[in-house]
Amino acid sequence: MSIWVLRGLRDGVVTTRWPARPDPYADGWRGPARALGPTGSVDPALCPTGAISAQGVDQGRCILCGRCVAERPDLFGWSRGATGPAAAGLSRDALIVPEPPETDETVRAARARLRERTAALRRSVHVRHVDAGSDGSEEWEIQALLGPVYDIGRLGIFFTASPRHADVLLVTGAGVRGMAGPLRTTYDGMPDPKVVIAVGTDAVSGDVAATVPVDVWLPGSPPSPFGILNALLIAVGQL
Ligand code: SF4
C-alpha cells in the first residue's frame, strides 16, 4: 500500500469547511499590525514603510516587520483571522485601522453595488491570476488554495489560463511598469461583469490601481490562503 493511501487513512478528511463552519486555523492566522489606541503621539519613523500615522495603521502598507509591536506593545498588536480586522476591504481607505473614514452605510452601498454587478457569478467563478512584479510569496499562498486543505473547487471557484473565461482578476505584485501593458490587456480581454482583487501589500500600495480598477483590496505580506478566499467570496457576493 502506498504511503499516500496510509496517510489518507491516518489523517481522514483534511479539507476545511470554512466559511460554512469556523476553522481555528483561519481564526488564528496573524495578519497586519493594528492600533490598540490613539497613534497621534507615535513617531511615524517607527514604521519603515510609513504605515503609521495619526489616523492609525494603514494595513495596505504593513509588511508585518513587527517593529511597532516590539517597541510599543501598548499601542500596537497583530490582527487575527481571515475576517475582521485583517480582512479584505472594498476601498483602499478601508484598510486604515482602527478608524476607517467610511461609515457602515458607505460599505453597505459598496457591497450592494458589487453584488449587483456580480450576481451572475454566484455558481461558478473563474479566476485569472496575474503576477505584476510579486516577490513570489503571494503565489505560494494562492497555490495552497488548490490543495486538499483549502480546495477552492468545493466553492465553485476555479483558475483559468484565459482572460476570455475569467470573471475575477487576481493581481499580485507592485504593478511594475513592464507589467502594466499585459495587465491591462488581460483586464480588457475579460468579459463583463468582472472584478479585480489586489492581493497583498505590494499590490495594494503599489501601482496596480493606476492600470486597472480595483474592487477589493486585500492587505498582508503575504495574506493567508483564508484571506484570499475571503477576498474572492466578497468579490463575488458570497460572503
Ligand atoms: S509591523 Fe512593521 S510595517 Fe507593519 S505597521 Fe508595524 S512597523 Fe509598520
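Predicted model: local features only at pLDDT ≥ 70, side-chain atom pairs only at ≥ 80, totals over all residues.
User: How many residues surround the ligand?
Analyst: The ligand is surrounded by 13 residues, counted when a heavy atom lies within 4 Å of it. The closest are Cys-47, Cys-62, Cys-65, Gly-66 and Cys-68.

User: Which classes are in that shell?
Analyst: There are 10 nonpolar, two polar and one charged residues. Nonpolar covers Ala, Val, Leu, Ile, Met, Phe, Trp, Tyr, Cys and Pro; charged covers Asp, Glu, Lys and Arg; the others, Gly among them, are polar.

User: Changing topic, how many salt bridges?
Analyst: The count is five, taking a salt bridge as a side-chain nitrogen of Lys or Arg within 4 Å of a carboxyl oxygen of Asp or Glu.

User: Which partner does Asp-58 have?
Analyst: Asp-58 meets Arg-92 in a salt bridge, at 2.9 Å from N to O. This pair links distant parts of the chain, 34 residues apart: Asp-58 is in strand 3 (residues 56–58), and Arg-92 is in the loop between strand 4 (76–80) and strand 5 (96–98). Strands are DSSP runs of E, at least two residues, and helices are runs of H or I, at least four, both numbered from the N terminus.

User: Are those two buried or exposed?
Analyst: Both Asp-58 and Arg-92 are buried. Buried means under 20% relative accessible area, exposed over 50%, and partly exposed in between, with a 1.4 Å probe and protein chains only.

User: And what does Arg-10 pair with?
Analyst: Arg-10 forms a salt bridge with Asp-11, with the closest N and O atoms 2.9 Å apart. Arg-10 is exposed at 63% relative accessible area, and Asp-11 is partly exposed at 38%.

User: Where do Asp-188 and Arg-184 lie?
Analyst: Both lie in helix 6 (residues 177–189), four residues apart, about one turn of the helix. Asp-188 is partly exposed at 46%, as is Arg-184 at 32%.

User: How many residues of helix 9 are buried?
Analyst: In helix 9 (residues 225–235), 11 of its 11 residues are buried, including Phe-226, Asn-230 and Ile-234.

User: What follows helix 9?
Analyst: Gly-237 follows helix 9, with a positive phi near 75 degrees.

Methods:
Residues numbered from 1 in each chain as written. Heavy atoms only, no water.
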